[in-house]
Amino acid sequence: MAREVEWRVHAKRADFNGIAKNLGISPVMARVLVNRDLDTDEKREYYLYGSMDSIPSAGKMYGMKEATALLLQKIREKKSIRIISDYDVDGVTSNYILYDGLRRLGADVSYDIPDRIRDGYGMNIRLVEEAKKDGVDTLLTCDNGISAFEAVDRAKELGMTVIVTDHHQMQEKLPVADVVVDPWQPLCTYPYKTICGAEVAFKLMGLLFEESGRTDMPKDYTVFAALGTVCDVMPLTEENRILVREGMRLMQLTENTGLRALLDETGLLDGRKITVYHLGFIVGPCINSEGRLSSAKESMRLFLTEDEEEARKCAAEMKSLNDERKDATRKGEEEALRIIEEQGYFEKDKVLLVYIPDLHESLAGIVAGRVREVYYRPVIVFTDAEDGNNILKGSGRSIEGYNIFEALSSAKDRILHFGGHPMAAGLSISKEELEPLREQLNREAVLTEEQLVERVFIDVPMPISYASLDLAEQLEQLEPFGTGNPKPVFAERGLQLESIRSFANGRMVQLALRDEKGNRVYVKSFRGEALINDIKMWSDMQECAKIEKYPKLDIMYQLSVNEFRGDRTAECQIIHYRKTAEEKETV
């Protein structure tokens with residue numbers, strides 16, 4: 001059955017016709033821009049027409065000039081530099097940008113990436129001491145380091161130079177590195193804080209090339225920075241939106257042998273327009289699968305190779321590993337849903353805690369996110385830690401109105417280790433604390449029934465018959481869509497359902513709908529099974545084929561351009577639906 005959502009219409013007011021005239025767009029587009037809090041002509045023009053030249057310069061970021069000068073000095077002195085990154089997509093892409101760039105500038109450079117299970121997140125003392133044994137003079141972090149206090153202290157004890165580049169919010173103090181580059185540190189006045197680690201690396205490399213008098217910095221660094229931005233779920237606003245838009249444009253033209261092989265292996269090297277969906281749900285997960293189930297160093301090996309045969313082999317292995325990850329994730333999700341239903345957690349708990357013993361601990365967060373989407377509850381999925389010792393590893397995903405980090409902080413006496421932010425967290429507990437933690441989190445949860453219903457905002461209530469190719473092409477100007485820049489949502493009520501066609505084993509359906517004026521329109525939905533089950537329930541029939549008259553539907557939909565063999569058509573996709581109010585049966 002369709003999960004209940006609260007339908008809301010954006011009520012922001014403005015002179016939409018005037019805005020449309022000034023910008024040469026439709027009033028519908030103008031409403032969407034205002035709904036994105038673009039409340040001045042300057043903001044709207046930057047949103048529509050901003051370019052890479054509009055992005056603030058790297059030198060405005062505190063510590064960036066000092067880091068550049070120090071690295072150039074180390075290059076001149078032929079000192080050994082080692083890059084240490086995180087193991088996710090942002091970590092790998094930032095590592096690649098720095099390693100490849102420093103190598104082109106003549107540096108004696110190497111890289112290392114922590115093992116997810118053995119090392120955990122970020123630079124640690126083992127990695128520092130190993131670098132010292134290898135004769136490394138300078139450690140350069142990316143996508144981590146702002147909280148690596150013990151590791152930085154150890155490096156300084158060993159006489160090493162440490163440059164931290166990161167994008168995470170700092171704790172109560174900074175590490176005692178030689179230079180720290182992070183837009184969140186107190187003295188940094190850089191105007192846009194929410195950039196990823198790869199974007200910080202991209203800026204550092206741009207300044208290094210500039211200060212070296214080089215004009216040949218590869219365009220592929222833009223591609224890798226865009227990939228890191230999308231996969232680290234950064235808001236696609238302002239600087240990030242411009243960077244990702246440019247990176248996706250350049251991706252089909254990439255000269256990186258490994259990336260081309262991965263795009264080819266995943267069916268994306270066919271001239272189609274690459275979107276945020278492709279980066280976040282096809283390319284990114286292949287890279288992440290190495291860090292989750294194997295070693296992120298395999299992803300670096302792919303991006304650094306210039307041998308096409310090796311690249312093809314590595315890309316095929318990466319996709320195969322991701323297919324394994326997807327299969328394990330699907331099974332983990334099914335097991336989590338089974339446990340929740342059998343134990344009755346959904347009926348009695350506002351915060352769902354699920355223990356799946358055999359789930360790979362790196363997949364717990366993905367499964368938690370999937371379960372959250374089904375129930376719209378904060379979810380923590382636990383599994384047995386790889387090192388045993390009666391320890392459970394958990395990963396949580398939250399909803400608006402529930403700060404999961406604060407909730408865990410209030411229960412810290414039951415937790416061995418934890419960290420995170422309002423919407424996601426990771427933790428370790430002893431097995432006997434699972435049930436007491438469940439009881440405490442639910443006892444202290446202040447979520448109201450209203451907060452447990454997701455709100456979805458409609459940009460424009462608009463007849464679906466107005467969904468033209470011209471409007472769909474105008475909406476392309478708003479891309480890339482993602483966090484912070486959602487795809488516009490439209491809605492119409494009271495549409496008579498006339499027929500249903502099912503595709504892809506029922507996962508996708510096409511509906512024929514007729515409005516009150518007799519206009520027939522076709523829409524698709526990728527929630528085919530749930531939609532068909534709801535229609536059968538509303539019609540009190542076991543089979544759709546036996547339904548004499550289908551119900552009327554209210555639908556939320558999105559509009560896009562469908563391009564097939566050179567033909568471009570407008571395409572509408574349902575994102576939420578409900579039975580029209582006057583036809584709802586009295587219970």
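**Exercise 1. In which helix is the place of Leu 437?**

Before we start, note that this is a predicted model, in which local features need pLDDT of at least 70, side-chain atom pairs count only at pLDDT 80 or more, and totals for chains, interfaces and linings use all residues. Residues are numbered from 1 along each chain as its sequence is written, and side-chain values use heavy atoms, with hydrogens and water left out.

Solution. 
- Step 1: Leu 437 sits in helix α18, residues 434–444. Helices (H or I, at least four residues) and strands (E, at least two) are DSSP runs numbered from the N terminus.
- Step 2: Leu 437 has a relative accessible area of 0%, so it is buried. Buried means under 20% relative accessible area, exposed over 50%, and partly exposed in between, with a 1.4 Å probe and protein chains only.
- Step 3: Leaving aside residues up to four places away in sequence, Leu 437 touches Leu 353, Phe 382, Ala 411, Arg 414, Leu 427 and Ile 429. A contact here means heavy atoms within 4.5 Å.
- Step 4: For a sense of distance, look at Leu 243: its C-alpha is 42 Å from that of Leu 437, and the two are 194 residues apart along the chain.

**Exercise 2. Describe the chain as a whole, starting with its secondary structure.**

Solution. 
- Step 1: The chain contains 20 helices and 18 strands.
- Step 2: Its radius of gyration is 26 Å, close to the 25 Å that the globule rule gives for 587 residues, so the chain is as compact as a globular protein of that length. The radius is taken over C-alpha atoms, and the rule is 2.2 Å times the number of residues to the power 0.38.
- Step 3: The C-alpha trace spans about 80 × 60 × 50 Å along its principal axes.
- Step 4: Of the 587 residues, 53% count as buried.
- Step 5: Among contacts with a separation of 6 or more, 65% come from residues 24 or more positions apart.

**Exercise 3. Which loop holds Asp 459, and which residues does Asp 459 touch?**

Solution. 
- Step 1: Asp 459 lies between β12 (454–458) and β13 (460–461).
- Step 2: Its relative accessibility is 2%, so Asp 459 counts as buried.
- Step 3: Beyond four places in sequence, its contacts include His 10, Arg 31, Arg 36 and Lys 487.
- Step 4: Arg 8 is 451 residues from Asp 459 in sequence, with 9.0 Å between their C-alpha atoms.

**Exercise 4. Look at the backbone of Asp 143, Val 233 and Pro 480.**

Solution. 
- Step 1: Asp 143 is not a glycine, yet its phi is positive, near 60°. Asp 143 lies in the loop between β4 (138–142) and α7 (149–157), and is buried at 1% relative accessible area.
- Step 2: Val 233 also has a positive phi, about 55°, although it is not a glycine. Val 233 is exposed, with a relative accessible area of 52%.
- Step 3: Glu 479 and Pro 480 are joined by a cis peptide bond, with omega about 0°. Pro 480 belongs to the loop between α19 (469–475) and β14 (490–503).
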